[in-house]
Amino acid sequence: MGKLTIGCFSSLVGSTNLDFAVKLSAAAMEKGHKVDLWVSGNGTMLSLTAQRAFKDYSYLEKTVTELMEKGLNVTACEACAESRGYHEDHTLAGVKRFSMDWYLASSFDADRVLHIGGE
């Protein structure tokens, strides 16, 4: 199997890009692929601790935590997170925070790279 790097560039309002990126990550992992998921922009909220589930509202903390236990590698853009006012001590356990050079390095040795969002 191969390595898939997914970059999720989530938009400001009403985007399902992050949900799609997580579902795609899960599907790729089920097929045996290694997956690196990079989140930037508003997608960095995926890595925020103390999320709260609401009925009929996207809640990904549990899903992402379970996927990370199975090997999903999640990294949030550090500058994007800091500019939104949350710091490393607010980051979900297991999620890394780096600058975009991490994403570029992951893309370099990946078999496939997908950019999702950025509209």
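Q: Which side chains does the side chain of Asp36 meet in polar contacts, and where is Asp36 found?

A: The model is a predicted one, in which local features need pLDDT of at least 70 and side-chain atom pairs count only at pLDDT 80 or more, whereas totals for chains, interfaces and linings use all residues. Residues are numbered from 1 along each chain as its sequence is written, and side-chain values use heavy atoms, with hydrogens and water left out.

Asp36 is found in strand S2, which covers residues 34-41; strands here are DSSP runs of E with at least two residues, and helices are runs of H or I with at least four, both numbered from the N terminus. With a relative accessible area of 3%, Asp36 is buried, a class that means under 20% relative accessible area, while exposed means over 50% and partly exposed lies in between (1.4 Å probe, protein chains only). The side chain of Asp36 makes a polar contact of 2.6 Å with the side chain of Ser106, and another, at 3.0 Å, with the side chain of Asn73. A polar contact is a pair of N or O atoms within 3.5 Å; within protein, one atom must be able to donate a hydrogen and the other to accept it, and residues adjacent in sequence count only if both atoms are side-chain atoms. Once neighbours within four places in sequence are left aside, Asp36 is in contact (heavy atoms within 4.5 Å) with Lys3, Leu4, Thr5 and Ile6, as well as with Asn73, Trp102 and Ser106.

Not counting residues up to four places away in sequence, Thr91 touches Ser47, Thr49, Tyr86 and Arg97.

Lys62, placed in helix H2, is exposed at a relative accessible area of 55%, and its C-alpha atom is separated by 19 Å from that of Ile6, 56 residues apart along the chain. Phe54, in the loop between S2 and helix H2 (61-69), is partly exposed at 45%; Phe54 and Glu88 are 25 Å apart in space, C-alpha to C-alpha, and 34 residues apart in sequence.

For the chain as a whole, the secondary structure comes to 4 helices and 5 strands, in the order β-α-β-α-β-α-β-α-β from the N terminus on. The radius of gyration is 13 Å, close to the 14 Å that the globule rule gives for 119 residues, so the chain is as compact as a globular protein of that length; this radius is taken over C-alpha atoms, and the rule is 2.2 Å times the number of residues to the power 0.38. The C-alpha trace spans about 35 × 30 × 30 Å along its principal axes. Buried residues make up 44% of the 119 residues, and among contacts between residues at least 6 apart in sequence, 72% join residues at least 24 apart.
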